[in-house]
Amino acid sequence: MTADLFPDTLAARENLQPGAMLLRAFALDEAPALLAGVAGVIAMAPFRQMQTPGGQTMSVAMSSCGERGWVSDRRGYRYSPTDPATGAPWPAMPARLADLARRAAAEAGFPGFAPDACLINRYLPGCRMGLHQDRDEADLSQPIVSVSLGLPATFLFGGPTRGGRPLRLPLVHGDVVVWGGPARLHFHGVAPLAAGEHPATGGCRINLTFRRAT
Ligand code: MD3
Ligand code: FE
């Protein structure tokens, strides 16, 4: 049905800002396979709530897969080749996850994207992410690809500085956003998650962010 309304080369895409492209439902068909991949990763590297450098516990629970994982503790934010909870390397990035990210990036004008880190965020009701920039990656000319799964969320998208009222963007199961170019360093966050039930994930939202960390 969707294929009839939108030829697949045009999909349902929307330019949010220069460099930020929303690909609605891009991951919808593959969502069960992506979630199976996530479950395999989480069996090896369970979700955990990390500490900020300021000593606060983040409400979002996180894990990672790939050559690097994003970690935060009292010493700061960084990418690590090992899981601090076990000392072991992060689980490998499942090929179908990496491939989806590569295809989404190419669709948004970033050919050759080869993520070495996938941060897996789990939001339960009430979990939120305050406005921040993603700037721990070595090469900021590389985009970030985000995939939303499960319960809907309101994404907050600001500008290059902390000031100003952020745009509120509803993101639902299967939506993919590619953030690059001038939008790469924009402030962003997630409003507190509303309680609900989703057939794919139950009572939570899972967000995958694919990054080139090194
Ligand atoms: C815009 N995660 O993990 S993904 C994060 O839904 C993070 O879990 C949110 O922000 C989440 O750092 C938002 C969308 C996103 C990711 C990276 C960006 C938007 C971005 C980098 C620059 C600008
Ligand atoms: Fe972020």
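**Stop 1: the whole chain**

Keep in mind that this is a predicted model. Show the protein chain as a cartoon. It has 3 helices and 13 strands. The radius of gyration is 16 Å, close to the 17 Å that the globule rule gives for 214 residues, so the chain is as compact as a globular protein of that length. Along the principal axes, the C-alpha atoms fill a box of roughly 50 × 40 × 35 Å.

The accessible surface of the protein chain comes to about 10,100 Å². Carbon and sulfur atoms hold 57% of that surface. Of the 214 residues, 48% are buried. Among contacts with a separation of 6 or more, 74% join residues 24 or more positions apart.

**Stop 2: the iron ion**

Select ligand 2, the iron ion. Which protein residues are its donors? They are His 132 through NE2, Asp 134 through OD and His 188 through NE2. These donors lie 2.0 to 2.2 Å from the iron ion. Along the chain they follow the spacing H-x1-D-x53-H. His 132 sits in strand S7 (residues 129-132) and His 188 in strand S12 (residues 188-190), so this pair ties together parts that are 56 residues apart in sequence.

Is His 188 buried or exposed? His 188 is buried, with a relative accessible area of 14%. Buried means under 20%, and His 132 has 21% relative accessibility, so His 132 counts as partly exposed.

**Stop 3: the aromatic pairs**

Show the side chains of Phe, Tyr and Trp. How many aromatic pairs does the structure hold? There are 4. Take Trp 70 and Tyr 77 as one example. Their ring centres are 5.4 Å apart and their planes are at 25 degrees, so this pair is stacked. Trp 70 is buried, with a relative accessible area of 10%. Tyr 77 is partly exposed, at 44% relative accessibility.

Move on to Phe 155 and Trp 179. This pair is tilted, with 4.9 Å from centre to centre and 40 degrees between the planes. Phe 155 belongs to strand S9 (residues 153-157) and Trp 179 to strand S11 (residues 176-179), so the pair ties together parts that are 24 residues apart in sequence. Check the accessibility of each ring's residue. Phe 155 is buried, at 9% relative accessible area. Trp 179 also counts as buried, at 9% relative accessibility.

Ring pairs link Phe 155, Phe 157 and Trp 179 into a cluster.

**Stop 4: a charge over a ring**

Select Arg 205 and Tyr 123. What lies over the face of Tyr 123? Arg 205 does, at 5.0 Å from the ring centre.

**Stop 5: Glu 14**

Select Glu 14. It is placed in strand S1 (residues 13-17). Glu 14 is partly exposed, with a relative accessible area of 39%. Leaving out residues up to four places away in sequence, Glu 14 touches Ala 20, Met 21 and Leu 22. Then draw a distance to Pro 170. Glu 14 and Pro 170 are 156 residues apart in sequence. In space, their C-alpha atoms are 13 Å apart.

**Stop 6: Ala 25**

Step along to Ala 25. Where is this residue placed? Ala 25 is in the loop between strand S2 (20-23) and helix H2 (31-44). Look at the backbone here. Phi of Ala 25 is near 65 degrees, a positive value in a residue other than glycine. Ala 25 counts as partly exposed, at 38% relative accessibility.

**Stop 7: Pro 160**

Finish at Pro 160. This residue lies in the loop between S9 and strand S10 (167-171). Is Pro 160 buried or exposed? Pro 160 counts as exposed, at 56% relative accessibility. Beyond its neighbours within four places in sequence, Pro 160 is in contact with Gln 133, His 186 and Phe 187. Pro 160 and Phe 110 are 50 residues apart along the chain, and 21 Å separates their C-alpha atoms.

Conventions: Residues numbered from 1 in each chain as written. Chains lettered and ligands numbered in written order. Predicted model: local features only at pLDDT ≥ 70, side-chain atom pairs only at ≥ 80, totals over all residues. Heavy atoms only, no water. Helix = DSSP H or I, 4+ residues; strand = E, 2+ residues; numbered from the N terminus. Buried < 20%, exposed > 50% of the residue type's maximum accessible area, 1.4 Å probe, protein only. Contact = heavy atoms within 4.5 Å. Donors = N, O, S within 2.8 Å, 3.2 Å for Na, K, Ca; no water. Phe/Tyr/Trp six-rings, centres within 6.5 Å; stacked < 30°, edge-to-face > 60°. Lys NZ or Arg CZ within 6 Å of the ring centre and 35° of its normal. Rg over C-alpha atoms; globule rule 2.2 N^0.38 Å. Areas by Shrake-Rupley, 256 points an atom, 1.4 Å probe, with all protein chains shown as cover.
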